Amino acid sequence: MGVMLNDTYVQLAFGSLIMLVSYVLLRRVKYLKLKEPPLVPYKYPIIGHTNDFYKDNKNFIKKCHAEYGEIFSLFVFGKVITFVGKELSCEILKNHKDFSFIEASRENFPFENFLNRPNEFTDTFPKMVQINLSGQIKLYTERVQRQLIKSIDEMIGNGKVLEPPLKFFQFIIAKPIAATMVGEELSDDKELVNSFANVTTDFIPFLSISPVLNFIHPYLHQQVMIIVFKYLNNPFKMHRELIKKKITPVIEKRLREMKESGDNYVSPIDILQRYTELLHKDYTVDIDVVTDYMIISIFASVHTTSNFLTFCLHELVNNPQFLKEILEEQEQLYKSNEKSYYSTEQIARMEKLDSFIKETLRVNVNNVALQHKTLSSYFTFSNGYQVPKGRLVNICSGEIHSDKELQGQYADEFNAFRYLKKNSPATRADKVS
Ligand code: HEM
């Protein structure tokens, strides 16, 4: 009887909560009276477009685009999501105050919650990378080459098979990334490099839970992920502990030396040092906080790079006609170089390789990508359509990358030299005027 009563109360409370949320949302939409993009009609309530969206994404998006134009909305996993094409995508990428990539990522992958940190925790990270990594790339060029050679020597040669390719690239790239993030000395530590290589790919499948609870409310799916993460023993925790154990003596030694040497201290060049200097108070620092920043750095850099290098290998194997010219360009550089390592200027001279890399990025993009969340109370696109605060907006990247007007007549083909001698910056759209 007690159990039944409790169940009834829970059902009642739950029902009231849903009604309250719906009421508030409906009132908001009514109050704002926005001119929203067309919502593509769907057959089944609750399910909406979820099936079509996941079954054959490319053709479904193409069909919606043909019927509803540049901007439209779909109802997927309980959320209305807006999709934009080539005319409006720049308005999302250029308006940082109105749209946020990080906020949208948080919705699907609440990383700060996993780390038990406030939402603003990751906010300093993009600036840190911009100033101390992209802004000072020359300081890292030589060490990255030195560490790459070491890991290539370890992994390639004597009949070793590069299989599976993604795992192989994770190991190749983990050493130079570790050298950049925590310094060259630590990048020789095999256990640490192993954690750098694997923490992301060991962790993501652990949390690959279908978001069916989003049909009720997105909050529920997020909470399930957080509970699974916190209360089950997962590989992430093991990697984090190892990373913390390895960086602790290095941080402590550096802080001691900083204190002893005062103004004469010669600051090591790596991201670990930058965070230590930023966060320490009277030469003591919360090592858990520094560890979590290192984890964020690994998540941003290792899987993205190794995944992309795997695409490069795939394209090279599938398009062998370009191999000779790409190799010749590298051989020329090799013959003309008198030093052991190449400068950033010399690396930039490999224009054919640069074009090949951009073409690989072009053809391997996800069909819909770069999801952003609307931050302002509403946003009005230049064609008059409006989206409310909180709306997730996706870019139809697949269509943009294969658009004949933008990419030329042979947009469907892989042309490694498509970008040769062309002004084609690979920075974010907001950096390109
Ligand atoms: C091939 C490798 C990589 C790919 C394909 C990639 C892709 C991306 C994409 C698509 C974004 C979102 C951009 C936007 O907001 O419009 C992004 C953001 C970011 N990436 Fe990467 N990334 C790669 C490597 C790296 C590396 C090595 C780092 C270094 C730690 C890094 C750090 C960041 C940071 C800090 C942001 C946030 C930028 C901001 O909000 O201003 N990424 N990346």
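**Exercise 1.** Determine which residue forms a salt bridge with Arg 240, and where the two partners lie in the chain.

*Solution.* Start with the term itself: a salt bridge is a side-chain nitrogen of Lys or Arg within 4 Å of a carboxyl oxygen of Asp or Glu. Arg 240 meets this condition with Asp 292, the closest N and O atoms being 2.8 Å apart. Helices (H or I, at least four residues) and strands (E, at least two) are DSSP runs, numbered from the N terminus. Then consider exposure, where buried means under 20% relative accessible area, exposed over 50%, and partly exposed in between (1.4 Å probe, protein chains only). Arg 240 is buried at 13%, and Asp 292 is buried at 1%. Finally, look at the surroundings: Arg 240 and Asp 292 are part of a network of salt bridges that also includes Arg 117, Glu 241, Lys 244 and Asp 288.

This is a predicted model, in which local features need pLDDT of at least 70 and side-chain atom pairs count only at pLDDT 80 or more, while totals for chains, interfaces and linings use all residues. Residues are numbered from 1 along each chain as its sequence is written, and side-chain values use heavy atoms, with hydrogens and water left out.

**Exercise 2.** Decide whether Glu 351 and Lys 421, which meet in a salt bridge, are buried, partly exposed or exposed.

*Solution.* The side chains of Glu 351 and Lys 421 come together at 2.7 Å, N to O. Because Glu 351 lies in helix 17 (residues 351–363) and Lys 421 in the segment after helix 19 (404–407), the pair ties together parts that are 70 residues apart in sequence. Glu 351, at 37% relative accessibility, is partly exposed, whereas Lys 421, at 70%, is exposed.

**Exercise 3.** Describe the surroundings of strand 1 and its pairing with strand 2.

*Solution.* Begin with burial: 6 of the 6 residues of strand 1 (residues 71–76) are buried, so this strand is largely enclosed by the rest of the structure. In a regular strand the side chains alternate between the two faces of the sheet. Here Ile 71, Ser 73 and Phe 75 are buried on one side, and Phe 72, Leu 74 and Val 76 are buried on the other. Strand 1 and strand 2 (residues 79–84) pair in the antiparallel sense over 6 bridges, with Ile 71 opposite Val 84. Their hairpin has 2 residues between the strands, and Phe 77 takes a positive phi near 45 degrees.

Terms used:
Two strands pair if DSSP finds at least two bridges between them.
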